[in-house]
Amino acid sequence: MSYSRAFIYNIALNCLGLSATVQNVNQTDAAATVLNNFYEMARNQVLKDFDWNFANAYRELASTGNTPENPKYLYEFDYPNDCIQAREVLDSMGNSVKFSIASTLSGQQVICANILPAKLRYTRIVTKEAFFSVDFILALGTYLAGLCALAITGSQEKEKLNFQKYQFMLNKAKYLNASEGVSITEKELLSTWIDER
């Protein structure tokens with residue numbers, strides 16, 4: 001099933017205990033206006049908060065040619081435009097290496113590391129709702145509800161409740177993401193590990 005921005009708005013409204021629905025994100029009623037104001041920020045924050053499989057990307061890093069200002073590192077690389085969160089820098093053998101995010105005097109974000117070439121594994125900005133996973137949709141709707149609760153309902157209790165539900169959704173997503181692409185035996189081990197925690 002393909003999801004839409006209006007669908008996510010309606011999840012947020014339902015999480016706030018409202019039966020009103022948004023048919024079109026260009027509506028001018030108060031609720032739709034508040035949801036529009038917070039949506040992009042909410043989407044980006046939820047993308048940053050977790051290493052979502054559907055937004056996982058790899059890119060060979062391009063050197064800036066500059067020496068990093070941080071003397072702990074030898075090389076400086078451009079920060080990819082579509083990167084919302086850098087997860088790890090990999091060497092040519094696929095091993096994770098230490099890296100740092102910095103800002104140049106001109107305000108440009110860069111990645112510093114001690115290897116060349118370097119590959120970045122990162123969470124990319126995904127703007128098309130049709131690409132979102134179900135667990136991401138539910139987490140985003142809940143987080144959006146938390147951000148909009150005071151403006152739409154005036155209830156601090158609903159704000160708090162939705163942020164708590166969001167944390168639960170993230171924990172559930174971590175389990176679902178971690179179990180994707182692993183064997184049954186690995187899933188059993190993962191389930192045992194989670195139960196022990």
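This is a predicted model: local features need pLDDT of at least 70, side-chain atom pairs count only at pLDDT 80 or more; totals for chains, interfaces and linings use all residues.
Residues are numbered from 1 along each chain as its sequence is written, and side-chain values use heavy atoms, with hydrogens and water left out.

- Helices (H or I, at least four residues) and strands (E, at least two) are DSSP runs numbered from the N terminus, and two strands pair if DSSP finds at least two bridges between them.
- Strand 3 (residues 83-90) runs antiparallel to strand 4 (residues 96-97), joined by two bridges.
- These two strands form a hairpin with five residues between them, and Gly94 in the turn has a positive phi of about 85 degrees.
- Strand 3 is also joined to strand 7 (residues 119-124) by six bridges, again antiparallel.
- Leu90 has Lys119 as its bridge partner in strand 7.

- Three strands make an open sheet in the order 2-6-5, with antiparallel pairing.
- Strand 2 (75-78) and strand 5 (99-103) are at the edges with a single partner strand each, so one side of each has no neighbour in the sheet.
- On average, neighbouring strands here are turned by 35 degrees against each other, direction ignored.
- Four bridges link strand 2 to strand 6 (residues 109-113), and Phe77 stands opposite Ile111 in strand 6.

**Helix packing**

- Axes are lines fitted to C-alpha atoms, for helices over the stretch in contact, and angles run from 0 to 180 degrees between N-to-C directions.
- Helix 1 and helix 3 pack at about 60 degrees, with axes 7 Å apart.
- The pair is therefore oblique (under 35 degrees is roughly parallel, over 145 roughly antiparallel, 65 to 115 roughly perpendicular, and the rest oblique).
- Contacts (heavy atoms within 4.5 Å) between them involve residues including Phe7, Ile8 and Ile11 of helix 1 and Ile137, Leu140 and Leu144 of helix 3.
- Helix 2 and helix 3 have axes that come within 9 Å and cross at roughly 135 degrees, which makes this pair oblique.
- The crossing of helix 2 and helix 3 is right-handed, and among the residues that meet are Phe38, Tyr39 and Arg43 in helix 2 and Leu140, Tyr143 and Leu144 in helix 3.

**Burial and cores**

- Eight of the 11 residues of helix 1 are buried, so this helix is largely enclosed by the rest of the structure (buried is under 20% relative accessible area, exposed over 50%, partly exposed in between, with a 1.4 Å probe and protein chains only).
- A nonpolar core is a set of buried Ala, Val, Leu, Ile, Met, Phe, Trp, Tyr and Cys residues joined through side-chain atoms within 4.5 Å.
- The largest such core has 37 residues, and Trp52, Phe132 and Leu144 have the most contacts inside it.
- Helix 1 (5-15), helix 2 (30-49), helix 3 (134-153) and helix 4 (156-179) each give two or more residues to this core, with the largest share, nine residues, coming from helix 3.
- Not counting residues up to four places away in sequence, Phe132 touches residues including Ile8, Tyr39, Phe54 and Leu140.
- A second, separate core of 13 residues includes Leu61, Cys83, Val89 and Leu120.

Conventions:
A crossing is left-handed if the near helix is turned anticlockwise from the far one by less than a right angle, and right-handed if clockwise.
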